[in-house]
Amino acid sequence: MNKIDAKAFAASEFLSQPIKMHVGGKEVAASNGQTFDTLDPGTGKVLAKVPSAGATDVDAAVDAARQAFNKTAWRSMPAKDRAVLLHRLADLIDQHTPLLAEIESKDVGKPRAQASAFDIPHAAQTFRYYADLSVHTRHREPFAVSGNDAWSVRQPHGVCGFVFPWNFPFLLIGWGVAPALAAGNTIVIKPAEDTPLSALLFARLAEQAGFPAGVVNVITGLGETAGAALSSHPGINRMSFTGSPEVGRLVAEACGRNLVPVKLELGGKGAAVLFDDVAVDSVAEALAGAVTLNAGQVCCTATRWIVHKKVAEAFISKAASTMGAMKIGYGGDEATQIGPVVSEKQRRRVLGYVERSVKEGAEAYLPGGVAEVSGYKDGFYVKPALLGGAASNVCAREEVFGPVAYVMTFQDEEEAIALVNSSPYGLANSVWSSDLSRATRVAERLVAGNSWINAHNLFPHGVSYGGVNLSGCGGGVLGPDTLEDYYRKQSVVRPL
């Protein structure tokens, strides 16, 4: 594999090379010789041709990960030695932030400043967090039982498979694989076909950091071929999928047939509850920023705004004006606040939801629609939309995954809680009030994996982040319990 020079290596150099997968420490093409195109959402043009893996390639990647687990020192390495390599990887990620952010911006469409300020640094911090946590985890725990010397020992599972989505490709690699690697597992990553590039750079950095060959493997391909082959593979010991509930069900079914434990991080329909004692303008600006972050392609963002009737008119006016004034543009332009959505398919989805919502009777405070960006006529741009009306409306019920918010009003606390909990999702909600006692009471009653108070989209390391109901099962991310997920416990007993 080619070493990446942080000072000399540029995105154009990476994109001009033949793009290959990373299996067993080698760069390889798909065994069938097939490729697919990954596009720049901001221009609509091809960024690179990427190998289109099939079941044979998945077999090779899983076998390489198995060989690395069984025959290298990775699994038996003291946690402090693995932590050294994880810290070295985090340092390399930091050193290559400009390159990774540029690739992420071109592949996803998001503003480069967002990727460089949050996505890439937070991924690096996640590797450091789990490296340090693994060192301070007791790997052997004694049992106090009469007549026996007994204890449990934490062991890595083995080969862990990961399928990641296209909205935060590199960030979610950090969130997903850092605890698995810290626990001594080996991994096979299948990135989304829309955004495969940063995963391939990640594999290069892992090898450069000194990871043994085969510990980190990356295969690229379509979900229905490579993704399906990985999730149904009998050679994996643990599976993690991040994406839609619809595909999550298929992954769970495939893993269930092999009795492979699976972690599902799925969609969301987050709510923000605003009481009448809030500072209306500042909260409107904060939520406008949340719903347009990454062009609204954020599973935990607040897309249902449940606002007290006393402040609804003022809030809607300020939110609509704030969203309408945001700069829509190419992700590489410094002034851009909202980049394109990831694909033409996604743009049609977003526009279709807005159209259906209005036909069902929603009021359009900000109508949305196709955005025209000078110089980028073939990009996949949409205007933000602010709608409102009945709780039965499609945009109040279903995940749009675009810069679209839906306003509903309430009169009292119980009504607000009922509106939030009417959703079949359960990922993240927020409560906004200057009365902290009330905010705490309401936050604890909202059905979700996460509740925030007077903020939205907070991801501190050490606080578990996961979902319930349609938003997922099998554990979350970012907390100590996630590291525990990647150990299996084994008891040992000796009679005295």
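I began with burial: of the 496 residues in the chain, 58% count as buried. A reminder to myself that this is a predicted model.

Next I looked up the secondary structure, which comes to 16 helices and 20 strands. I then checked the radius of gyration: the chain has 23 Å, close to the 23 Å that the globule rule gives for 496 residues, so the chain is as compact as a globular protein of that length. For the extent, I noted that the C-alpha trace spans about 70 × 65 × 40 Å along its principal axes.

Then I turned to contacts. Taking those with a separation of 6 or more, I found that 73% join residues 24 or more positions apart.

The accessible area of the chain is about 19,100 Å², and carbon and sulfur atoms hold 53% of that. I also looked at the charges: there are 46 positive and 49 negative ones, and their mean positions lie 5 Å apart.

Is Lys106 buried or exposed, and which side chain of opposite charge is nearest? Lys106 is buried, and the nearest such side chain is Glu102, 4.1 Å away. A salt bridge has to be within 4 Å, and I noted that Lys106 has none. What does Lys106 contact, leaving aside its neighbours within four places in sequence? I listed Leu15, Leu39, Asp40, Pro41, Leu47 and Tyr330.

Note on methods: Residues numbered from 1 in each chain as written. Predicted model: local features only at pLDDT ≥ 70, side-chain atom pairs only at ≥ 80, totals over all residues. Heavy atoms only, no water. Buried < 20%, exposed > 50% of the residue type's maximum accessible area, 1.4 Å probe, protein only. Lys, Arg positive; Asp, Glu negative; His and termini not counted. Contact = heavy atoms within 4.5 Å. Helix = DSSP H or I, 4+ residues; strand = E, 2+ residues; numbered from the N terminus. Rg over C-alpha atoms; globule rule 2.2 N^0.38 Å. Areas by Shrake-Rupley, 256 points an atom, 1.4 Å probe, with all protein chains shown as cover. Charge placed at Lys NZ, Arg CZ, Asp CG, Glu CD.
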